[in-house]
There are 2 protein chains.
Amino acid sequence: MKSGLSFLIAARRCEISELEQPMRTSALVNVVGRLVHALQKERGISNVFLASRGQRFAAQLPLQVAECRQAEAELRTSFEKLDTDAGHISNGARLFSRIAFVLNGLDALPGLRTRVATMVLTPADATAAYVNLISGLLAVVFEAADSATNPEISRLLVAMFNFMQGKEFAGQERAFGSGTFASGRVDSALQQQWQHLIHSEERCVQVFIDFSTPSLRELWQTSQNQTALAEQERLRRMALSFKAGVLDPNLSQAWFDCCTLRIDTMKAVEDGLADELLQLCNRKIAQGRAELHDQQMILAALSDQTVNASPAAADRAGTTGATGTTGTAATAAAPDTPYGPQVGRSILDMVQDQASRLQSMSDELETVRASLNERKLVERAKGLLMTHRKLSEDEAYKMLRQTAMNQNRRLTDVAQSVLAMADFLSADAP
Amino acid sequence: MKSGLSFLIAARRCEISELEQPMRTSALVNVVGRLVHALQKERGISNVFLASRGQRFAAQLPLQVAECRQAEAELRTSFEKLDTDAGHISNGARLFSRIAFVLNGLDALPGLRTRVATMVLTPADATAAYVNLISGLLAVVFEAADSATNPEISRLLVAMFNFMQGKEFAGQERAFGSGTFASGRVDSALQQQWQHLIHSEERCVQVFIDFSTPSLRELWQTSQNQTALAEQERLRRMALSFKAGVLDPNLSQAWFDCCTLRIDTMKAVEDGLADELLQLCNRKIAQGRAELHDQQMILAALSDQTVNASPAAADRAGTTGATGTTGTAATAAAPDTPYGPQVGRSILDMVQDQASRLQSMSDELETVRASLNERKLVERAKGLLMTHRKLSEDEAYKMLRQTAMNQNRRLTDVAQSVLAMADFLSADAP
C-alpha cells in the first residue's frame, strides 16, 4: 500500500520532471534565437537590396542566406530530437502546433529567396514574409515560456521572450528604416509606423528589465554600444523630425550598420539570458534531487520502525480547534500514524511544508504569467474582430494597430477596449 | 525528417492524451465523492452522539463507520492504481501532495473515532477534525479541476467542484445544526455562523448552476425533495429567528433527517454530474481520435505524391500583405511546400485551423478558470496573514471569516481587500 510519504515522493519527482522540461525547451529556445537573428539580418539585407533595385548589398545577400541555411539546419535537427510522444511535454499540443507552422514557413523560404533575388517583390512584401516566419518562431518561445511551472524559471523565460520580441522590433525597425532610406523619401504615414516600432521595442525591453536578474540588467547596461546608439538616434531624428521629404539614399548603409551593431549587442545579452536560464534550471533540479534523496532516506528508515500509534499523538490531534472549510492541506490535526509520534510528526511537517511551498510557488507563478496575458489579450481582440467583422487576421491586427497609433494608446489598451465592447460587436451580427 | 504535418499529428496526439487525464481523474473524483459523502454522515452522527452525551445515535455510529471504512478502502485502491511515475500526470506535484495529506488524515481516523466513542472530544473539535479531512479530499478534486486543458471538460469539473463544496457546506450545516439542537440552546454567535454556512452553500450551488449543462440544471431542479426542503426551512427559522434561547433537543433527529434527505438528493445530482463528465470525456477523445485518423491518412497519401514546389504557390505567397508583429500561426503566406500547391494548401489550412482552434480553446479555458481563482484568492490572503501576522492557517481563516461576517461581505471580497493591503501588512514587519 502506498503511504502518504510515497505520494510526497511522487509529488517531488513530478516537480523535478516539470523542471526538466524548461531545461529541454531552453535548449530549443537558443537555437530558435540563432535562426531568428540570422533571419532578421537577411530581412534587412533583402530590404536594402530590393529598395535599391539591386544596387546595394548584392554581394552580402547570398552570404547571409548561407548563414541562415546553417541555423535552419540546426533548428530542424533540434525539432527532430524533440520527444513528440504524447504526454511527455506539457503544453505539447500548442507547442507542436506552433512548430508545424514554423516548418511550413521554412519550407517556403527558398521560394521567397528566389522572388527577392529576381526582384519580383516590393520591400514591404518581403518584410511581411520574414516578419511572419519570425513571428511563428517567437510563438514557439512564447509557448515554452507559458508552460514553465516554476515561478523563477517562468520569470526568466518571460524576460527572454520579451527581450527576443523587443529585438525583433529593433530588427523590423532596421529593415523598415533601411528600405525607407534606400527609397530616398519619407512621408508622415511611414513616420508614424516608424515611431510605433520604436515604442514597441522600448516597451518590450522594459518588461525584460522588470523580470530580469540584477546581473542581466547590468549586462544590458554595460554592453550597449553608445556610439552606435548615438548614431541611430541621429539618423532617426533626420528621418522623423520633418513632416515629409527627401532622404539621402546613401544613409541606408550607415543606418543598417549602426542598427546591426545594436542588434548584435542584443544577441549577446540574449545569450547571457540563455546561460543564466540554463544555470537556474540546473540549480533547481539539483536542489529538487537533494530533497528527494532526503525523503527517500526517511522512507527507508521508516521501514525499520515500530508500527504502533501512540496515545500522545492521539491527544494532540484532539485539541486542534475548528478550522475553515476552505482550508488547504496545511491544517491537519497530527495524525495517529503507524510510525509512532516522532516520525509521524516529521512526515506531517513534510506534507505541510510541501503543500505550502507548492501553494506559494503557484501564487508567484500567477503573478509572473500575468505579463504573458498581455499578449493573449491582443490575440483575443484580434480573434473577436475576425469573427464579428469578418476580417482576416492581418486586417484585424492592422485595425488594432492603426487605432492604437491614432489614439496614441498602447496596443493592449486598445485590445482591452475591443474585448469590453464584445457585446456590441455581437449585437451587430445577424 | 519530421514534416510540419507530423508535428500537427504530434500536437493532436498530445491533445488526446490531455483528454485522457481528466477521464482518469474523473474516476478518482467519483471515489473521493463517495468517501466524502460517507464521512459527512459520520460527522453528523458523531456530532449528535457527542452533543447528547451518548444518548442519541449510539447504534447508528458504528454502522456509519463501517460504511466509511468501505469507501476508504475503495479510495485507497484508487490511489494505489494511480500512475505516480513522474511526468505522466500534469499538475502531478500538486495532486500527489494533496493525496499525501489525505492519506495522513485517513491514518488518523481510527484515533479520532476512539476519541468520539469515548466522548473525550467536544462536538466542535470532532467537527473540525472531519472538516479538515473532507477539505483535504475536496482539494484533490480542486487539483483535478485545475489541471484540465479542455474548456468544456474544465467547465464541468468546475461545476462538479463547486457542487461538492456546496454539498460540504450543507453537510457542515447538518452537523452544526444537529449539535446545536441536541445541546438544547442557541446564541447569536452560533446563529451568525449558521447563517454563514447557508450563504456559503447557496453561493457554491449558484456557481454549479452557472457552469452546468441544461440537463444537469434540470436534474437539480426536479430532484429536490420539496418536503424535506420545507421542513429544513421551518427548523432553520425556529433556530435562527430569535435572538437566543432554548431549543427542543428532540428536534435534533428531525433536523438530521431532513438534512440527510436533502444531502442524499445532492449526492444523486453529483453522480449525474460524474456521468455527464465521463460521457463528455469519451466524446472528446473519440472526436480527437477521428481527426487524428484523418490527418494520418493525409500523411500516408502524401508519401505517394510528387515533391516539387509549383510556381503558382510561389506567386500566391508573394502577394500577402504586411502583417502584425504579434501575429500568430494563422497568417502565413502560402508556402512552397514540397508537396505541390493543392496538398501544400490543405496542410497550411490544417495548420491554421488547428492553431486557431487551440487559441480559442485557451481563451475559453481562461474564462472558466477565473472561477477557480476565487478559491485561490482566499488561499493567498490566508498565506499573507499567516506570514505577516504570525497566525496559524486556522487563525488566519477565522480572521477572514469573522471579518466577512461582521462586515456582511463575501469571503472573496475580504480576501481581495487583504491582498490589496499587502504593502501595509509588510510595512508592519520588522
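Me: How many helices and strands does the secondary structure of chain A come to?
Reply: The model is a predicted one. In its chain A, helices and strands are both present. The count is 15 helices and two strands.

Me: What percentage of the 430 residues in chain A is buried?
Reply: A residue counts as buried if 20 or more other C-beta atoms lie within 10 Å of its own. Applied to the 430 residues of chain A, this criterion gives a buried share of 47%.

Me: Among contacts in chain A with a separation of 6 or more, what share comes from residues 24 or more positions apart?
Reply: The contacts considered are those of chain A with a separation of 6 or more. Residues 24 or more positions apart account for a share of 79%.

Me: Is Arg12(A) buried or exposed?
Reply: Arg12(A) lies in helix α1 of chain A, residues 4-51. Leaving aside residues up to four places away in sequence, Arg12(A) touches Gly288(A), Glu291(A), Leu292(A) and Gln295(A). Because 25 C-beta neighbours lie inside 10 Å, Arg12(A) counts as buried.

Me: How far apart in space are Arg12(A) and Met119(A), C-alpha to C-alpha?
Reply: Along the sequence, Arg12(A) and Met119(A) are 107 residues apart. In space, their C-alpha to C-alpha distance is 58 Å.

Me: How are α3(A) and α1(B) oriented to each other?
Reply: Helix α3 of chain A (residues 92-107) packs with helix α1 of chain B (residues 4-51) at an angle of about 170 degrees, and their axes are 8 Å apart. An angle over 145 degrees counts as roughly antiparallel. The relation of α3(A) to α1(B) is therefore roughly antiparallel.

Me: How many nonpolar residues are in the contact of α3(A) with α1(B)?
Reply: On the α3(A) side, the contact residues include Phe96(A), Ile99(A) and Leu103(A). On the α1(B) side, they include Phe7(B), Leu8(B) and Cys14(B). Four residues of this contact are polar and two are charged, while the number of nonpolar ones is 10.

Me: Which residues does Leu5(B) touch, not counting residues up to four places away in sequence?
Reply: Leu5(B) lies in helix α1 of chain B. Leu5(B) is buried, because 23 other C-beta atoms lie within 10 Å. The residues that Leu5(B) touches, not counting those up to four places away in sequence, are Gln295(B), Ile298(B), Leu299(B), Leu302(B) and Ile347(B).

Me: How are α1(B) and α9(B) oriented to each other?
Reply: α1(B) packs with helix α9 of chain B (residues 251-302) at an angle of about 170 degrees, with the axes 9 Å apart. By class, their contact has 20 nonpolar, 11 polar and nine charged residues. Since angles over 145 degrees count as roughly antiparallel, the arrangement of α1(B) and α9(B) is therefore roughly antiparallel.

Me: What is the handedness of the crossing in which α3(B) passes α4(B)?
Reply: Helix α3 of chain B (residues 92-117) and helix α4 of chain B (residues 123-147) pack at an angle of about 160 degrees, with their axes 9 Å apart. That makes α3(B) roughly antiparallel to α4(B). The crossing in which α3(B) passes α4(B) is left-handed.

Me: Is Met119(B) buried or exposed?
Reply: Met119(B) is placed in the loop between α3 and α4 of chain B. Its phi is positive, about 55 degrees, although Met119(B) is not a glycine. Because 12 C-beta neighbours lie inside 10 Å, Met119(B) counts as exposed.

Me: Where is Arg53(B) found?
Reply: Arg53(B) has a phi near 50 degrees, a positive value in a residue other than glycine. Arg53(B) is exposed, because 10 other C-beta atoms lie within 10 Å. Arg53(B) is found in the loop between α1 and α2 (60-81) of chain B.

Me: How far apart are the end C-alpha atoms of α6(B)?
Reply: Helix α6 of chain B (residues 188-211) has 24 residues, so at 1.5 Å a residue α6(B) should span 34 Å.

Terms used: Residues are numbered from 1 along each chain as its sequence is written. Chains are lettered from A and ligands numbered from 1 in the order in which they are written. This is a predicted model: local features need pLDDT of at least 70, side-chain atom pairs count only at pLDDT 80 or more; totals for chains, interfaces and linings use all residues. Axes are lines fitted to C-alpha atoms, for helices over the stretch in contact, and angles run from 0 to 180 degrees between N-to-C directions. Helices (H or I, at least four residues) and strands (E, at least two) are DSSP runs, numbered from the N terminus. Angles under 35 degrees count as roughly parallel, over 145 as roughly antiparallel, 65 to 115 as roughly perpendicular and the rest as oblique. A crossing is left-handed if the near helix is turned anticlockwise from the far one by less than a right angle, and right-handed if clockwise. Two residues are in contact if their C-beta atoms, placed from the backbone, lie within 7 Å. Ala, Val, Leu, Ile, Met, Phe, Trp, Tyr, Cys and Pro count as nonpolar, Asp, Glu, Lys and Arg as charged, and the others, Gly among them, as polar. The expected span of a helix is 1.5 Å times one less than its number of residues.
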